[in-house]
Structures are given as structure tokens and as C-alpha cells.
Amino acid sequence: MSYAADVLNAAHLELHGGGDAELRRPFDPTAHDLDASFRLTRFADLKGRGCKVPQEVLSKLVSALQQDYSAQDQEAQFLNVAIPRIGIGLDCAVIPLRHGGLCLVQTTDFFYPIVDDPYMMGKIACANVLSDLYAMGVTDCDNMLMLLAVSTKMTEKERDVVIPLIMRGFKDSALEAGTTVTGGQSVVNPWCTIGGVASTICQPNEYIVPDNAVVGDVLVLTKPLGTQVAVNAHQWIDQPERWNRIKLVVSEEDVRKAYHRAMNSMSRLNRVAARLMHKYNAHGATDITGFGLLGHAQTLAAHQKKDVSFVIHNLPVIAKMAAVAKACGNMFQLLQGHSAETSGGLLICLPREQAAAYCKDIEKQEGYQAWIIGIVEKGNKTARIIDKPRVIEVPAKD
């Protein structure tokens, strides 16, 4: 049995044997006999999905894997039900199975620590993996595997405290999603990584092929932007040369509120958003992650059947983070749509007449806003943000 399996079993015993999981408190290193200066993020030089290979480079690297399916290949006939085969370039693989009328929907993802609370990092990683399923309108996951790398730079004490907390967070998020973690892989690595695989078997009516946007649709976003800015700004509080660049536009309290709002947002599942996609007749969606809002919007636009383009007018951003981004000389490219997000919201193409009801329903069920941020117009399958988009300040939630 691997080290990861050992600690997962230990976490299971603690959770189901009267542990303190229900009394979750923010991670305090000193409570675990760790140095007060312990920071999980120091075990990786890059943060979260900001570690991704640039989008244009990735497109070249995976070109050899792309397959030009003929019209006959694109749809497999099982029991007279047409099941499209979806592969590289979108959020999930959708593979028709040899068993009649069923398909495998599967995705994988992992990244480096983006926050310093190990438990929350586990929850964020799990939510991020599941978001690829949710972007396809799939609301139920049959199984998850966990992918974990323990940093070789960790002391044994740090490893034995931090890794079980990460795994417990991942497991708790999976339970919240109605699924379980049944295995995975653990290795040692210079940098700590956490992620997983999510798989489900479903019928064609259980997922939404993301290629049916039409002129007149609107674009809805279900989580605010600015997570990368928030987590960086929080780390800069202890780095005077960095903090001096932003202290004129934001206070330490503002940054701490933004950081906690970001953690809360990143760990929140997009499951309700996915379920409501069916209710309100969504024409397609993607989740906003490492390539930023515009990067993922462009990918989604490129896969549409009709000659449409996406135009984004509004940018909901965690409060004060747009000002922080500007104060940094625009290094994040936040308002240009290129700032990496981790476990972001769904960007959904919805019929105009149903979008407002969709947003209202999400707020009613979850207590969080969703926003209409743009429109679908006739075009050449591209996406853009207007020159002076409206920035919507999204306050921290108490």
C-alpha cells in the first residue's frame, strides 16, 4: 500500500471516528507543531493553473494527437442512439462505449499549491477536476482517483501533517459532489502537486455538447474573476518590495478578505450551475481556469457549429483586485481576460430569454451571484472583450 493510501485511510478513520472535520478551522501551522512561517505555496515556484503551458504552445504540442473524424466516425450508432465523440481540445473526453447507448465521460487535472491552507488546497483541487464534468452539464460523477506528489523539500513532520490534510480536503469535496475516491497515484517530486481523475458513465441526455450557441444567446459567468491576483496579493503582504507596489490601492484587510473570498470561490462546486444548464436549455459551456476568461471563451467559440462569435462586456472581479492588477503594471492581464483562474466558474451560452432566470435560480439555491457578461453575435468563431469593459466589484461574503 502506498504512503498516500495509508494517510487516506487515516483521514477516513478520523472523519468517521469522531474527528474534528465538522469543526474545520483555518490552518494554523503552530497547532501542528510546525514553524509559524510554514507556507504550502513555497513547495512550488508556480501557482495553481498559472503553471500551464501557454495556450498557443499547447495547441502545437497536441496537434499530433488530434484526429480528423469523418462524419461517419464522429457519431457511433448504438441502439439507434447517436453519440458524438468528443476528444482533445474541450473540457472532457466523451467516448461512446460498446455497451448500447452509453458513453464514458472522463477528465483529469492537477496543479501546484495556490493557497497555504492544505485542507482548502485539497478541496480546490477536487472542485477543479470536477468542473470539467460540470462544464459538459454532467452532474453526477461515478468515481474519482487522486493524483498526488509529495515535495522532496518537505520535512517528515511537514509531510505527515500537510499531506493528510490535503487528501482529506480532496475527499470531503468528492463526498460533497456525491462521489468517492477509490484510488490514484502518489509519488515524490521537487514540487508538491495535487489533482485527480473524474469519470462517469452516462446516457447522451445527461450531458450537453458544447457547440450549439446561436446568434442572440447571452454569456453567463458563475464565479468572479481575480483569484490569481488575490492569492498573489496575499503572499505579498510579507514581501515589502512587492507590497509597496499595491499598498496605495488596497489595505491588508482588503487583501485578506479577497484571499478568503477566492478560496471560498475556488472550492465551491459548479454542480448546481451544471444542473441548471439543463433546466434553462444551455447551448454549451466551458469552465474558466488556467487560460483565463478570454482563452477559454476563444476555445469554446472555435468549437461552435454555427458562424458565431462571443463579445464580452462585463467583468465580475473580486473586490479591489482590478485595482491591484492595474497597480502591478498589468502583469496579470486581468482586464484583458488572460489572468489565470483556478477552479473558476462556468461560462455558459444561454438563450437570452432564460439567462436572467438562470442567474436568479443560482442565487436562490447557493446564495452566490452569477452574471450576464456578454452576447453571442454573428461572426467567425472567435471571442473578444470590448475595449473598456464594465468591471463589477464582487465583495467578500461574510
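Colleague: What makes Arg268 count as a charge over the face of Tyr368?

Modeller: In this predicted model, Arg268 lies over the face of Tyr368 at 4.2 Å from the ring centre, and because the rule asks for CZ of Arg within 6 Å of that centre, along with an angle within 35 degrees of the ring normal, the distance meets its cut-off.

Colleague: Why is the pair of Phe38 and Phe43 called tilted?

Modeller: Their ring centres are 5.8 Å apart, and their planes stand at 40°; centres within 6.5 Å make a pair, while planes under 30 degrees apart would be stacked and those over 60 edge-to-face, so the pair of Phe38 and Phe43 is tilted. Both residues are buried, and ring pairs join Phe38 and Phe43 with Phe27 in a cluster.

Colleague: How do you know that Trp236 and Phe332 form a tilted pair?

Modeller: The centres of these two rings lie 6.0 Å apart, with planes at 35°, and because pairing needs centres within 6.5 Å and stacking needs planes under 30 degrees apart, the pair of Trp236 and Phe332 counts as tilted.

Colleague: Why is Thr41 described as buried?

Modeller: Thr41 has a relative accessible area of 9%, and buried means under 20%, so the residue falls in that class. Thr41 is found in the loop between helix H1 (3–16) and helix H2 (55–61), and, leaving aside residues up to four places away in sequence, Thr41 touches Pro113, Ile114, Val115, Asp116 and Gln235.

Colleague: Which residues lie nearest the centre of the second largest pocket, and which element gives the largest share of its lining?

Modeller: That pocket, with a volume of about 810 Å³, is lined by 30 residues, and those nearest its centre are Asp117, His234, Tyr259, His260 and Met263. H6 and helix H8 (252–267) are the elements that give two or more residues to this lining, and H8 supplies the largest share, eight residues.

Colleague: What is the predictor's confidence in the protein, and where does pLDDT stay under 50?

Modeller: The mean pLDDT is 87, with 82% of the residues reaching 70 or more. However, pLDDT stays under 50 over residues 1–23, for which the model has 31 contacts beyond four places in sequence, and also over residues 68–81, which have 21 such contacts.

Note on methods: Residues are numbered from 1 along each chain as its sequence is written. This is a predicted model: local features need pLDDT of at least 70, side-chain atom pairs count only at pLDDT 80 or more; totals for chains, interfaces and linings use all residues. Side-chain values use heavy atoms; hydrogens and water are left out. Buried means under 20% relative accessible area, exposed over 50%, partly exposed in between (1.4 Å probe, protein chains only). pLDDT is the predictor's confidence in each residue, from 0 to 100. Contact means heavy atoms within 4.5 Å. On a 1 Å grid over the protein atoms alone, a cavity is a set of points where a 1.4 Å probe fits but cannot get out, and a pocket is an open set with protein on both sides within 12 Å along at least five of seven lines; lining residues have an atom within 4 Å of a point. Grid points are joined across faces, edges and corners, and a volume is the space filled by probe spheres set on the points. Helices (H or I, at least four residues) and strands (E, at least two) are DSSP runs, numbered from the N terminus.
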